[in-house]
Amino acid sequence: MGLEMYLDLFSQPCRSVYIFARKNNIPFDFKKISLLKGEQYGKDFGQINVLRKVPAIRDGDFCLAESIAIMMYLAEKYHTPDHWYPAELQKRARVNEYLSWQHNVMRTYGSKVFWLKFMIPKIMKIEVPKEKMDAALEDLDGSLKLLEEKFLQDRPFIAGNKISLADLVAIVEVMQPVGAGLDVFEGRPKLRAWKERVRAAIGAELFDEAHQGILEIADIGQHVDASQLEIFKPKVLRLFL
Ligand SMILES: N[C@@H](CCC(=O)N[C@@H](CS)C(=O)NCC(=O)O)C(=O)O
């Protein structure tokens with residue numbers, strides 16, 4: 001049995017794993033787990049990942065969850081080019097620094113704006129108090145500032161002159177609120193220029209393909225059966241409202 005990847009490209013960490021595998025010509029079988037249909041709670045997926053989250057992979061009889069662990073596994077197994085996860089001590093530390101930081105800052109606030117601006121009001125039809133939205137936008141703004149000022153500084157990419165896992169993990173999170181209709185690049189020429197470098201390094205075609213779903217979610221969302229999201233509702237409201 002070859003490598004199987006359980007993904008839904010609406011999900012940021014799924015996009016990073018997908019782009020990483022495709023860009024590095026790693027052969028895999030795409031197993032779609034539709035989050036909007038709640039397929040992560042199905043019996044079969046429970047055998048792959050008891051955490052009930054995507055991405056997850058199965059490589060023979062080895063199952064692995066967590067996007068960053070998955071990409072590090074693939075980088076080692078397939079000997080991907082060094083720049084993705086550099087061997088040199090301090091460059092690797094720079095990548096690890098971003099990967100460690102982003103979980104509860106960039107990822108948290110990018111997701112929060114996505115849910116508060118789009119999923120909760122437009123799909124779940126629940127009103128979002130203005131002060132919640134304003135606070136989430138402020139937190140996202142602070143995260144983007146830190147991404148620019150602390151992590152990018154004047155470098156083309158987070159760890160130097162070449163794209164690494166840090167840029168990949170960053171860009172998929174930065175794009176999530178864009179899917180909700182927020183132009184995070186407006187007034188941020190440095191962030192926009194970095195995004196264009198990342199897109200070019202990945203390849204525009206692959207970047208656009210991976211992001212097509214999230215950038216068109218406003219159209220797709222109109223056809224989502226909101227009752228399918230009932231399973232998420234308590235968790236989402238607890239997390240974001
Ligand atoms: N830290 C995990 C996060 C995975 C995660 O939160 N996945 C979300 C989609 S972005 C998910 O599967 N959510 C399903 C649920 O919570 O029901 C990773 O990087 O892989």
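Q: How is the protein chain divided into domains?
A: Domain bounds come from an automatic or database domain assignment. Here that gives domain 1 (3–80) and domain 2 (85–240), with residues numbered from 1 along each chain as its sequence is written. This is a predicted model, where local features need pLDDT of at least 70, side-chain atom pairs count only at pLDDT 80 or more, and totals for chains, interfaces and linings use all residues.

Q: How many residues does the contact take from domain 1 and from domain 2?
A: Two residues are in contact if their C-beta atoms, placed from the backbone, lie within 7 Å. The contact takes 18 residues from domain 1 and 20 residues from domain 2. On the side of domain 1 that touches domain 2, helix 1 gives the most, with 8 residues. Helices are DSSP runs of H or I, at least four residues, numbered from the N terminus.

Q: Which residues touch the most other members of the largest nonpolar core?
A: A nonpolar core is a set of buried Ala, Val, Leu, Ile, Met, Phe, Trp, Tyr and Cys residues joined through C-beta atoms within 7 Å; buried means 20 or more other C-beta atoms within 10 Å of a residue's own, with C-beta atoms placed from the backbone. Of the 62 residues in this core, the ones to look at are Leu 7, Val 17, Leu 165, Ala 166 and Ala 170. Helix 4 (residues 89–123) supplies the largest share, 13 residues.

Q: Why does this core lie between domain 1 and domain 2?
A: Both domains give residues to this core, so it lies between them.

Q: What does Leu 7 touch?
A: Leaving out residues up to four places away in sequence, its contacts include Val 17, Phe 30, Ile 33 and Val 54.

Methods:
Helices (H or I, at least four residues) and strands (E, at least two) are DSSP runs, numbered from the N terminus. A residue is buried if 20 or more other C-beta atoms lie within 10 Å of its own, exposed if 12 or fewer, and partly exposed in between; C-beta atoms are placed from the backbone.
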